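This report concerns selected local features of one protein model.

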Amino acid sequence: MLAAGRALRRVLDTIYTAGGVVAALFLIAILVIIVLQMLARWTGQVFPGATDYAGYCMAAASFFAFAYALNHGAHIRVSIFLNALGSKRRWGELWCFLIGTAATTYFAWYAVRGTYWSWKLKDISQGLDATPVWIPQLSMSIGTILLAICFWDHLIRIIFTGSHGIKADLIEQSHAE
C-alpha cells in the first residue's frame with residue numbers, strides 16, 4: 001500500500017511539473033510571437049492576429065502553471081492568519097483547502113462545459129485571427145482540471161496525514177529547525 005502511495009505521489013508531482021513545463025513553453029511562444037510581430041513591422045508585413053495569439057498563450061501559460069505553483073507554495077496563501085491560529089492551524093488549513101477544492105472543482109466543471117459548448121456551437125473569436133474559441137479555451141479547461149486535482153490531492157493529504165505537503169512549507173520548516 002505504501003509503495004502504491006509513493007508511485008501515485010510521483011505521478012501527481014510529474015503531472016504538476018509537466019503543467020509548469022507547458023506553461024514555460026507558452027511563455028516562450030509569447031516571446032516568439034512578439035519577435036515575429038516586430039520583424040513583420042520592420043519589413044512592412046502584417047502579422048494578423050498576433051496580439052490575439054499572444055493573449056491565448058498568456059492565458060494558457062497562466063492556467064497550466066496554477067497546479068505547479070500551488071504544489072510549490074507559490075500561490076498567495078493566508079499564512080499570517082494560519083500562523084495566528086497556533087495549535088488550531090491544521091483546522092484552518094483544512095478549511096482553506098476545502099474552500100479551494102470546492103471552488104476549483106466548480107471552476108473546472110464550468111470551464112470544460114464552456115469549452116464543450118464553444119466547440120459544439122462552432123464559436124469563432126472576434127479578432128483578426130478568427131480562431132475557433134474552443135482551442136484557446138482548452139488550455140483553460142486542462143489547467144483548471146490540473147488545479148482541481150492538485151487541490152484534491154492536498155486536501156486528501158491534510159485529512160489523512162495532517163500535512164498538505166506543499167513544498168514551500170517543507171522548506172520553511174527546515175529553516176525553522
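A residue counts as buried when its relative accessible area is under 20%, as exposed when that area is over 50%, and as partly exposed in between. The model discussed here is predicted. By this criterion Tyr-56, at 23% relative accessibility, is partly exposed.

**Aromatic contacts**

The structure holds nine aromatic pairs. One of them joins Tyr-53 and Tyr-56, whose ring centres are 6.3 Å apart and whose planes make an angle of 70°. Planes over 60 degrees apart count as edge-to-face, and the pair is classed accordingly as edge-to-face. Both tyrosines belong to helix H2 (residues 50-71), where a spacing of three residues separates them by about one helical turn. Tyr-53 is partly exposed, with a relative accessible area of 29%. Together with Phe-47, Tyr-53 and Tyr-56 make up one aromatic cluster.

A ring also takes part in a contact with a charge: the charged end of Arg-90 sits over the ring of Trp-91, at 6.0 Å from the ring centre.

**Helix H5 and the residue after it**

Helix H5 covers residues 134-161, a total of 28 residues. At 1.5 Å a residue, H5 should span 40 Å, and the 39 Å between its end C-alpha atoms agrees with this expectation. Just after H5, Gly-162 adopts a positive phi of about 85°. Within H5 lies Leu-147, which is buried because its relative accessible area is 10%, under the 20% limit. Leu-147 and Asn-71 are 76 residues apart in sequence, yet their C-alpha atoms are 9.3 Å apart in space.

**Surface and exposure**

A nonpolar patch on the surface has about 1000 Å² of accessible area in total; its members include Val-21, Leu-25, Ile-28, Met-38 and Trp-42. Ile-28 is located in helix H1 (residues 2-42) and is partly exposed, with a relative accessible area of 48%.

Helix H3 (residues 79-84) contains Ser-79. Ser-79 and Arg-89 are ten residues apart in sequence, with 9.6 Å between their C-alpha atoms.

The relative accessible areas of the residues discussed are listed below.

| Residue | Relative accessible area | Class |
|---|---|---|
| Tyr-53 | 29% | partly exposed |
| Tyr-56 | 23% | partly exposed |
| Ile-28 | 48% | partly exposed |
| Leu-147 | 10% | buried |
| Ser-79 | 25% | partly exposed |

Definitions and conventions
Residues numbered from 1 in each chain as written. Predicted model: local features only at pLDDT ≥ 70, side-chain atom pairs only at ≥ 80, totals over all residues. Heavy atoms only, no water. Phe/Tyr/Trp six-rings, centres within 6.5 Å; stacked < 30°, edge-to-face > 60°. Helix = DSSP H or I, 4+ residues; strand = E, 2+ residues; numbered from the N terminus. Buried < 20%, exposed > 50% of the residue type's maximum accessible area, 1.4 Å probe, protein only. Lys NZ or Arg CZ within 6 Å of the ring centre and 35° of its normal. Expected span 1.5 Å × (residues − 1). Patch = residues over 30% accessible without salt bridge, like charges linked within 9 Å, V, L, I, M, F, W, Y side chains within 5 Å. Areas by Shrake-Rupley, 256 points an atom, 1.4 Å probe, with all protein chains shown as cover. Salt bridge = Lys/Arg side-chain N within 4 Å of Asp/Glu carboxyl O.
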